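User: I'd like to walk through this model before setting anything up. Can you take me through it piece by piece?

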Amino acid sequence: MSDDKQLDALAPEGREPLTLINVREGMFGARGDTSGYDGLVQRVQMPGATERPYGEWFDGAVDILTELLGDAADEAIEFVVVDRGELTLYIQRDHLVDVCRHLRDDQDLRFEMCLGVSGVHYPADKGRELHAVYPLQSITHNRRLRLEVAVGDDDPHVPSVVSVYPMNNWHERETWDFFGIIFDDHPSLARIEMPDDWVGHPQRKDYPLGGIPVEYKGAEIPSPDERRQYR
């Protein structure tokens, strides 16, 4: 069976085929490890857009947000994914702050808390390599949803949501530090984990394996790129 047919077979009825992001070889995404799973091949696949009805309270929440966004709704909401009982809205970056403000303020939505922002790097997702993921919590209605914004390596700008969710200040700094996503209008976008003069963003998938030696109690462990290779 071809890869395309395999992906079609994996897609639930009424859903678009899963999107193939990457194919990993070996237990840890590299050949030559000592885990015993060196020949393992694993596909990294993302579910496609979900068609209505979404189920549970999801339809109502999307309807309310669409009404609040008005004419901008079609552009703002790229697509909706319901997978494993979770709701994810893919948002066009220029509309992210407005979407967050509506989700926070509307009485029927009331997603008062944003639990931070995480970065994800998919090097094979051309033009959308960097993803910023925002888990939101409604304390009022005891509900959760996820926002996701995708941008390219060549233009890694996403508007800051600190004006809506102030607690995201440090989370955006960390995501910038590790992934290089630039959060425009952040009050002080600076490194928070790595030294100020560090070159690159170490949690990107294409970041070179290596680093600096680790010293402790008089001993020194060489950086990973200088250690023995198992073949």
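**Strand pairing and overview**

Analyst: Ser118 has Val133 in β7 as its bridge partner. The model is predicted, so local features need pLDDT of at least 70 and side-chain atom pairs count only at pLDDT 80 or more, while totals for chains, interfaces and linings use all residues. Residues are numbered from 1 along each chain as its sequence is written, and side-chain values use heavy atoms, with hydrogens and water left out.

User: In which sense do β6 and β7 pair?

Analyst: Antiparallel, over four bridges, with β7 covering residues 130-138. Two strands pair if DSSP finds at least two bridges between them. Helices (H or I, at least four residues) and strands (E, at least two) are DSSP runs, numbered from the N terminus.

User: Which side chains of β6 are buried?

Analyst: Gly119 and His121, which point to one face of the strand (residues 118-121). Buried means under 20% relative accessible area, exposed over 50%, partly exposed in between (1.4 Å probe, protein chains only).

User: OK, zoom out. How many helices and strands are there?

Analyst: Five helices and 12 strands. The protein has 231 residues, and 38% of them count as buried.

User: New topic. How many salt bridges are there?

Analyst: The count comes to 10. A salt bridge is a side-chain nitrogen of Lys or Arg within 4 Å of a carboxyl oxygen of Asp or Glu. One of them joins Arg146 and Glu86 at 2.8 Å, N to O. That pair links distant parts of the chain: Arg146 sits in β8 (residues 143-151) and Glu86 in β4 (residues 86-91), 60 residues apart.

User: Are those two buried, partly exposed or exposed?

Analyst: Arg146 is partly exposed at 24% relative accessibility. Glu86 is partly exposed too, at 39%.

User: What does Arg204 pair with?

Analyst: Asp153, in a salt bridge at 3.3 Å, N to O. Arg204 lies in the loop between β10 (182-184) and β11 (214-216), and Asp153 in the loop between β8 and β9 (157-159), so the pair ties together parts 51 residues apart in sequence. Arg204 is buried at 18%, whereas Asp153 is partly exposed at 30%.

User: And which residue does Asp98 bridge to?

Analyst: Arg101, with the closest N and O atoms 3.6 Å apart. They are three residues apart in helix α4, so about one helical turn separates them.

User: Which residues does Arg52 link with in a network?

Analyst: Asp59 and Asp63, through salt bridges. Arg52 is also joined to Pro53 by a cis peptide bond, with omega about 0 degrees. Pro53 lies in the loop between β2 (41-46) and α2 (58-69).

User: What is the phi of Glu56?

Analyst: Near 50 degrees, a positive value in a residue other than glycine. Glu56 is in the loop between β2 and α2, and it is exposed at 65%.
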